[in-house]
Amino acid sequence: MPPIVAPARVLVTGASGFIAAWVCKTLLDQGYHVVGTVRSTSKGKYLEDMFENDYGKDKFSFVIVEDMQKDGAFDEVVVGMDAVEHTASPVTIMADDPQEMIQPAVKGTLGILESIQKHGPNVKRVVITSTLGAIIHDKGSNKIFDETDWNLASEKEVTEKGRDASGMNKYRAGKVMAERAAWDFVQKNKTAFDVVTICPPMVFGPIIHDVSSATALNTSMGSFFSHTTPGKEGDFLGAAGSYVDVRDLALMHAWSLSNPAAGGERFVACSGSYTMQDILDILHKEKPGRTDVPIGTPGKPTPGRAELDGVVFVSTKAQRVFNMEFRTLANLAPDALQSLKDRGLRD
């Protein structure tokens, strides 16, 4: 497919979310016209006002899609669009019934693709936010993962155990099933548009979306908040994983439109691994003697780090195709903390 370049019109689903708000901003930075779907007028108005201050009128607008699982939910909003960034999906591991996570993920993804197929003839590319949870699986001693890996184990566990499956596998099953459904849809229907999927791990960084309280933070930034706030901290040694800066992830979404080589490709978006103790150490190195961030247990062995030993998510394809230079924890941690303070969520 040819590149989709500014000032093309791009639809961003779930625009009021942590990642999606940054995708909107990054697209606007690059000169696109952006239409965001939101579930309420107040969420849309917040974005509209914020982006109007930065980019002027008529660059960003919003439409209400209250329930993306409803048949035809996106039929009207895809009309006149040149590309779609589909970021809307449940991100929680707390549901009892696995279908509470699987059905919204799968139906939302298939719903937007069906609407484009029927009512969006101008759409040439759809970028879908997936997850590393759709990639990681048990390969024995081989713990190096790339875009060729697929997690089939989570769906199997959910099928066999139902409500007794782990929360993480319920979430991962929804994401991997939604991503596979997207690829199958494109192949089966010989669509006039192509698809790009981007698979991030935990996403950290500054927040720009509307958040009324710390309890309303998304999963990743909620974890960051709880571990960096005195009196609220949890398990510094065990909390660990892989990460990417939300600003880098948003860049990959935007560049997936303008780069012809991205079409039909799957990308890992991962900067590296972390423990929460790493983040605390960075924040204390930035401001020695600070009292607004817990010290944790620096220098002690970290079980979370041991679990990560040997696990590598390879982002070579993204670095090659997009010339990506991922931010490090040292880049993102101070900015993420400051954004919480700027929003009045932290002292």
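These questions and answers go through a predicted model. Local features need pLDDT of at least 70, side-chain atom pairs count only at pLDDT 80 or more, and totals for chains, interfaces and linings use all residues. Residues are numbered from 1 along each chain as its sequence is written, and side-chain values use heavy atoms, with hydrogens and water left out.

Me: What is the order of the seven strands in the open sheet?
Reply: Strands here are DSSP runs of E of at least two residues, and helices are runs of H or I of at least four, both numbered from the N terminus. Two strands pair if DSSP finds at least two bridges between them. The pairing in this sheet is parallel, and the order is 3-2-1-4-5-7-10.

Me: Why is one side of strand 3 and of strand 10 left without a neighbour in the sheet?
Reply: Strand 3 (60-64) and strand 10 (266-268) each have a single partner strand.

Me: Which residue is the bridge partner of histidine 86?
Reply: Strand 4 (residues 83-86) pairs with strand 5 (residues 125-129) in the parallel sense, over four bridges. In strand 5, the partner of histidine 86 is isoleucine 128.

Me: Which strands does helix 1 touch?
Reply: Contact means heavy atoms within 4.5 Å. Helix 1 (residues 18-29) packs on the sheet, and the strands in contact with it are strand 1 (9-13), strand 2 (33-38), strand 3 and strand 4.

Me: How far apart are the end C-alpha atoms of helix 3?
Reply: The expected span of a helix is 1.5 Å times one less than its number of residues. For the 21 residues of helix 3 (residues 99-119), that rule gives 30 Å. The model agrees, with the end C-alpha atoms 28 Å apart.

Me: How far is the sulfur of cysteine 199 from the closest cysteine sulfur?
Reply: A disulfide is a pair of cysteine sulfur atoms within 2.5 Å, and the count by this rule is zero. For cysteine 199, the closest cysteine sulfur is in cysteine 270, too far for a bond, at 11 Å.

Me: Which residues touch the most other members of the largest nonpolar core?
Reply: A nonpolar core is a set of buried Ala, Val, Leu, Ile, Met, Phe, Trp, Tyr and Cys residues joined through side-chain atoms within 4.5 Å. Buried means under 20% relative accessible area, exposed over 50%, partly exposed in between (1.4 Å probe, protein chains only). Of the 66 residues in this core, those touching the most other members are Leu27, Met221, Phe224 and Met252.

Technical notes:
Axes fitted to C-alpha atoms, helices over the stretch in contact; angles between N-to-C directions.
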